[in-house]
Amino acid sequence: NCSTFDGWAAASDACVDFGLSTNRMFGMFGFGQHGLGQHGVAQLGHLQHARFEYLPTKAQILAPVSSVGRELSDRLQERLRLKQFPDTDLSDLAPGCRSSPGSIYYVHQVPVVGFGSVIEYTMMFLARASTMGAQLTLGRASTLEWTSSWHCGDERSLLCYFNITSCCGALWEPSGELRLPRLRNPLNIGIQGYNRLGSAWLSGQLAHFFFSRFTAPTAAAVGARRSSLPSVRRGDGVIGMHIRGGDSCAARRFCPSNLSVYFERAAQLRSLYGASRVLLATDDTRAASLCASHPFGMRCDTLRIARDKFASNTFIEKRVGAHASGPLSGSAVALDMLADVDMLADCDYLVILFRSAVSRLAYALSLARWNRPQPVISMQWPWSPAYFKVAMRKAARPKRQLRGSAPQELGRPVS
């Protein structure tokens, strides 16, 4: 049982802590030069750029996958499918509703944040709906900034990209769509009966439910973007890398002037596992240029997308709404991101930033696709909603540990 407040997932024979469930650090946590406070208590206010590593041995990577995780995954995916598509004929390309869907969890508007965070919020809404025994449905204009008419038509919600609910979920009042108050909530995800392998594992299952249900136009657009790169097959020994630039630098996130520090970590993975090929997901033109130079003698490929559009100190979600078409329109940026996440999740090893929603989605999806946690180096922060809130406030607020067995320490500190 790996259940904790934050970030744990099951490996073949142990629990791996990717988050911060207590006020003490386990061996796999890395905090660069900052180290730990007195008695191992994290001084989170000084750890804005703390690094995290999970680097299992080759034997641990090759160990048989736990049947418990597979069985629990199958049950959860079926539960979500039955609730989100009640009484539908799955042989139909456009299934119709046969009966009343019962309880509805309706979201009229998703918070205006980055597209990766929009998906995370909707994953949280799906988890809440499942716990309530309800069907999640989204208002048709719930994500205006990240949907463009040229790709989405009138469906200005995440349903433009993901086929995650049937038409049974439509709610109407005489005056129009039902409006419910919107609250901005911390992204703590749980589903009753499915928390035993931890929140990272559960996030992976929810991400898989979304990313295995691309709409046909979205699947075509993502496929076209990925076709510009050599094919990626799990087991090829590929390092996925995410370098975040753009508005994140102005937001005081991890944004080093020397981007080779990312490739130093890739070289570390090469020395441990023999990987020598990098697939880069980035919105930064400097990172793409560095990739083309094959740093440290490593082959590096990246998607062919327009990156100059991201060079701004203004948050991207506040810019895309002003562009109905073109490379900076909401759907163009969203499809670029979906292709990046889909590509990263297929890689064997990852150098990413858990501070970024794109990286969190990629690793969550990786957990579901591989059914095990893959080796990962996060250049900024562990996986933990509690840590995010504390670090962003620059003040420590320890959280108590749930009762139960402690995790096996499969990682190591970063010196």
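1. Residues are numbered from 1 along each chain as its sequence is written. In this predicted model, local features need pLDDT of at least 70 and side-chain atom pairs count only at pLDDT 80 or more, while totals for chains, interfaces and linings use all residues; side-chain values use heavy atoms, with hydrogens and water left out.

2. Helix H8 spans residues 260-273 (helices are DSSP runs of H or I with at least four residues, strands runs of E with at least two, numbered from the N terminus). Its 14 residues reach 20 Å from first to last C-alpha, close to the expected 20 Å (1.5 Å times one less than the number of residues). Gly 274 follows H8 and has a positive phi, near 85 degrees.

3. Buried residues of H8 include Tyr 262, Phe 263, Arg 265 and Tyr 273 (buried is under 20% relative accessible area, with a 1.4 Å probe and protein chains only).

4. Gln 135 lies in strand E5, residues 135-138. Gln 135 counts as buried because its relative accessibility is 0%. Its side chain makes a polar contact of 2.9 Å with the side chain of Thr 165 (a pair of N or O atoms within 3.5 Å, one able to donate a hydrogen and the other to accept it; residues adjacent in sequence count only if both atoms are side-chain atoms).

5. The axes of H3 (residues 115-131) and H10 (residues 330-344) come within 10 Å and cross at roughly 70 degrees (lines fitted to C-alpha atoms over the stretch in contact; angles run from 0 to 180 degrees between N-to-C directions). H3 is therefore roughly perpendicular to H10 (65 to 115 degrees).

6. Phe 115, Gly 116 and Ile 119 of H3 meet Ala 334, Met 337 and Leu 338 of H10 (contact is heavy atoms within 4.5 Å). The residues of this contact are five nonpolar, one polar and no charged (Gly counts as polar).

How values were computed. Buried means under 20% relative accessible area, exposed over 50%, partly exposed in between (1.4 Å probe, protein chains only). Angles under 35 degrees count as roughly parallel, over 145 as roughly antiparallel, 65 to 115 as roughly perpendicular and the rest as oblique.
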